[in-house]
Amino acid sequence: IPATLRESVSGLRRHRLHRRAASAIEALRPDDYESLAYHYSQAGDEDRARDFYEKAGDRALAVFANPEAERHYRAALEVTPSGPDRARLLEGVGDAMRRQSRFNETLQIWREAIDLYRLQREWESVARLYARCARVAWENGDVPLGLTIGAEGVAAVGDAPESPGLAELLHETGRAY
């Protein structure tokens, strides 16, 4: 019955209904990020959907609900094909995967985020993520890879100003040495 009802409603009307549902939920339960993200996504409001998916991912990550956090960040990525928000969302996916001991996948995701941060010339984020990648390699028992990643990161940030991310990168590179 629900599928039949859903199919009988036109796309435009369905968008309007989801938008109304999202407005009602936002008025009554503004911290129900999961529902808000879903309804805004179904309404075609990708910006608000991304914001609420990210908030849901952040909340799930904060309470170590890692598979849920990964799912929410990935849903946010689906409505974020490009742009500055994408790197931050990839970083969240990597955090969730790292906590699930999926180290190789974490490295791949974070490398993609590093490339995006480089394009944006966000050297603090580049340094921080290189440090985190080196740490993941170390946690996975691959110290030589951690050293390689650390050295690559130090070369990548070059003459960037001193920052907490650079300090973290130098620390992780020193650990690998």
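Colleague: Hi! What should I know before I start?

Modeller: Residues are numbered from 1 along each chain as its sequence is written, and side-chain values use heavy atoms, with hydrogens and water left out. The model is predicted, so local features need pLDDT of at least 70 and side-chain atom pairs count only at pLDDT 80 or more, while totals for chains, interfaces and linings use all residues.

Colleague: Thanks! How do helix 4 and helix 5 cross?

Modeller: The axes of helix 4 (residues 46-62) and helix 5 (residues 66-78) come within 8 Å and cross at roughly 165°. Helices here are DSSP runs of H or I with at least four residues, numbered from the N terminus. Axes are lines fitted to C-alpha atoms over the stretch in contact, with angles from 0 to 180 degrees between N-to-C directions.

Colleague: Parallel or antiparallel, then?

Modeller: Roughly antiparallel, a label for angles over 145 degrees, whereas angles under 35 degrees count as roughly parallel.

Colleague: Which residues make the contact?

Modeller: Among them are Arg 50, Tyr 53 and Leu 61 of helix 4, and His 72 and Tyr 73 of helix 5. Contact means heavy atoms within 4.5 Å. The residues of this contact divide into eight nonpolar, three polar and four charged. Nonpolar covers Ala, Val, Leu, Ile, Met, Phe, Trp, Tyr, Cys and Pro; charged covers Asp, Glu, Lys and Arg; the others, Gly among them, are polar.

Colleague: New topic: where is Thr 80?

Modeller: Thr 80 lies in the loop between helix 5 and helix 6 (84-98).

Colleague: Is Thr 80 buried or exposed?

Modeller: Thr 80 counts as buried because its relative accessibility is 1%. Buried means under 20% relative accessible area, exposed over 50%, and partly exposed in between, using a 1.4 Å probe and protein chains only.

Colleague: What is Thr 80 in contact with?

Modeller: Leaving aside neighbours within four places in sequence, Thr 80 touches Arg 50, Asp 85, Arg 86 and Leu 89. Arg 50 also takes part in the contact of helix 4 with helix 5.

Colleague: And what do the buried residues of helix 8 pack against?

Modeller: They pack against helix 6, helix 7 (103-119), helix 9 (143-157) and helix 10 (164-176). Those buried residues include Leu 129, Tyr 130 and Arg 132.

Colleague: How do helix 7 and helix 9 pack?

Modeller: Their angle is about 5°, with the axes 13 Å apart, which makes helix 7 roughly parallel to helix 9. Leu 107, Arg 111 and Arg 118 in helix 7 meet Leu 145, Ile 149, Glu 152 and Ala 156 in helix 9.

Definitions and conventions. Helices (H or I, at least four residues) and strands (E, at least two) are DSSP runs, numbered from the N terminus. Angles under 35 degrees count as roughly parallel, over 145 as roughly antiparallel, 65 to 115 as roughly perpendicular and the rest as oblique.
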